[in-house]
Amino acid sequence: MPEMRIIRTYVDRANSESIRSYIASGGYTALPTALKMDPLRIIDEVKKSGLRGRGGAGFPTGIKWSFIQRDSKKPIYLCCNADESEPGSFKDREIIERDPHQMLEGIIIACYAINSHKCYIYIRGEMPKGARVLETSIYEAYEKGFLGENILGSGFNIDVVLFKGAGAYICGEETGLLESIEGKNGEPRPKPPFPAQIGLFGCPTIVNNVETLACVPHIINRGAEWFSSIGTPKNTGTKIYGLSGSINRPGLYELPLGIPLRELIHEYGEGVPKGRHVKAISPGGSSAPVLTAEEIDIPMDFDSLAKAGSMLGTAGVTVIDDSTCMVRVAENLAHFYRDESCGQCVQCREGTWWLEKMLAKIEEGRGRMEYIDTLLDACFQMKGTTICALADGCAMPIESIVKKFRHEFEEHIRLGKCPFGDRHMGTWDESN
Amino acid sequence: MPLSDKLKEKINKTVSKSETKQSALIPVFHEVQSEHGWLSQESMEEVAELLGIPPASVQNVATFYTMFFTKPVGKHVLWLCRTLSCALRGAEQVEHYLSEKLQIHTGETTPDGKITLLEAECLASCGTAPVMLIDDELHENLTKKRIDELIEKLRRE
Ligand SMILES: Cc1cc2nc3c(=O)[nH]c(=O)nc-3n(C[C@H](O)[C@H](O)[C@H](O)COP(=O)(O)O)c2cc1C
Ligand code: SF4
Ligand code: FES
């Protein structure tokens, strides 16, 4: 079955990143329409479309925009979150590299709607190609008069600044991102106040994900009703799902929200390599609790996954097969979060460090049975007690792995070694 | 190495375009590092003076971000992704292969100062794992043959 491409329609076309290609395929037609609309009507339309943030939390975009006091005496900022660093997630990079004007048009419309004259695009430092592409796209948009002063004769001015990060997952957290733009360590701020009240440089600010903003021109062009007819009633539109790990056809697939996970893995991804079986699935980026093979019959949308105790997150699906040791998976994840913790909160700084250490001990066969409950305890302590959600993002998947694959932990401890042998994790298809 | 006049001019321009002096810091670090290859104590002190920020806080920010080098690195930097999706596609084996080929451990630089091998966290390319970033270019679906070619090219330069 083909994908349902809205955002990915032109990504395979040569030079799809150029403004010429974007305009030739009907791009920048939502902008003049939007500029003729009352900004409040745009916010209303986005509300009606049901669009929910694609950065991980699924917060309704139109509602977020309506939190901005549009007649603020202070400047209002929009920040486009192009930090994409969630393990398993690689959808924003494609939009940035292959169809950046879609996102820029979304940015311009969003700015007009929230009365912002300046947008920062925060791109992670490890995306040098994306940064080069965006530099060109921004330049092209200024040249055509879509950015700058008096956009298309509307009297409205917008400047877009590209801001390059320098290697820190935590700068994807919206307030860590703001701190980073301000030239400081990307250490998240306690909330409230939320950025819509006190954000960048103390001013009202909206932070939106790349994919969220890329949806906006389509909503303006084709209407809220059309958008909300895709997906499920509370999870509207398409979603760009990522498939990676142990899967025959890894890659990106744009499909209506609510597509069954089984279909995504077995039809679109063509299943796991021959002779292996699905063991676990990380359904929404590494911070989401894992699902077992038995839980595969679930619709891939925000609410269904939340109900099953996991989350859609960034919809980056990582498939783990039965040749992989789950203790090593947990250890690999703990390493990531330990590496990326900003260190402000004790529970997170010490918890991530301690989890990695204990998991390594168990993996090496030096664990004891009582460690298992201590691990669960530690995860519990880390949840809901810190400034930002990174600590939860570490605790949730690890807790789920310990709970759902407890027997593997016990076996390591009983045997005094890894039952999967001490060979490497995963298989390198070195000659492809 | 002190900052050249040309670089200082560039920095002043960046500062003048920024909303606050502090907010010019990260863009300025990128500018200095792309000229010098790293951020030396000396250059950070100069940046502190140009931006009117205490040197200690300049240093603090530089060390927070993994892509800013406060110690010298090789002419080329290899960032090999180690995170889950790449690990499931053999990133550990890739690391062994690279480390044997270059005769260095991860975190080290070849004795000729040409190549530094570093570990990266998820590079947003999980669908084409295993992957590594070499300086400003991403390389996907790594195989032995591809790695051999890439390293050969770096060595020949
Ligand atoms: C640790 C952490 C990392 C995050 N990283 C990203 C990211 O890389 N990109 C992103 O869009 N959102 C990320 N988020 C979510 C942002 O905080 C924020 O919710 C999002 O950018 C809002 O955009 P949306 O409403 O369009 O989804 C992260 C959150 C946390 C807690
Ligand atoms: S939870 Fe972790 S990453 Fe988030 S603010 Fe606290 S220490 Fe920093
Ligand atoms: S895990 Fe390596 S690119 Fe995502």
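Colleague: Which residues come nearest to ligand 1?

Modeller: In this predicted model, a residue is near a molecule if its C-beta atom, placed from the backbone, lies within 6 Å of it. Ligand 1 has 24 residues around it, and G53(A), G55(A), G172(A), N209(A) and T212(A) come nearest. Local features need pLDDT of at least 70 and side-chain atom pairs count only at pLDDT 80 or more, while totals for chains, interfaces and linings use all residues. Residues are numbered from 1 along each chain as its sequence is written, and chains are lettered from A and ligands numbered from 1 in the order in which they are written.

Colleague: Which elements give two or more residues to that shell?

Modeller: Helices (H or I, at least four residues) and strands (E, at least two) are DSSP runs, numbered from the N terminus. Here the elements are β4 (205-209) and α16 (390-404) of chain A. β4(A) provides the largest share, three residues.

Colleague: How do the shell residues divide into nonpolar, polar and charged?

Modeller: Ala, Val, Leu, Ile, Met, Phe, Trp, Tyr, Cys and Pro count as nonpolar, Asp, Glu, Lys and Arg as charged, and the others, Gly among them, as polar. The shell around ligand 1 has seven nonpolar, 10 polar and seven charged residues.

Colleague: How many residues does the contact take from domain 2 and domain 3 of chain A?

Modeller: Two residues are in contact if their C-beta atoms, placed from the backbone, lie within 7 Å. Nine residues of domain 2 and 10 residues of domain 3 take part in the contact. On the domain 2 side, five are nonpolar, four polar and none charged.

Colleague: And how many residues of chain B are in contact with chain A?

Modeller: By that contact rule, 42 residues of chain B meet 52 residues of chain A. On the chain B side, α2 (25-36), α4 (55-64), α5 (84-87) and α6 (91-102) each supply at least two residues. The largest share, four residues, comes from α2(B). That side of chain B divides into 22 nonpolar, 14 polar and six charged residues.
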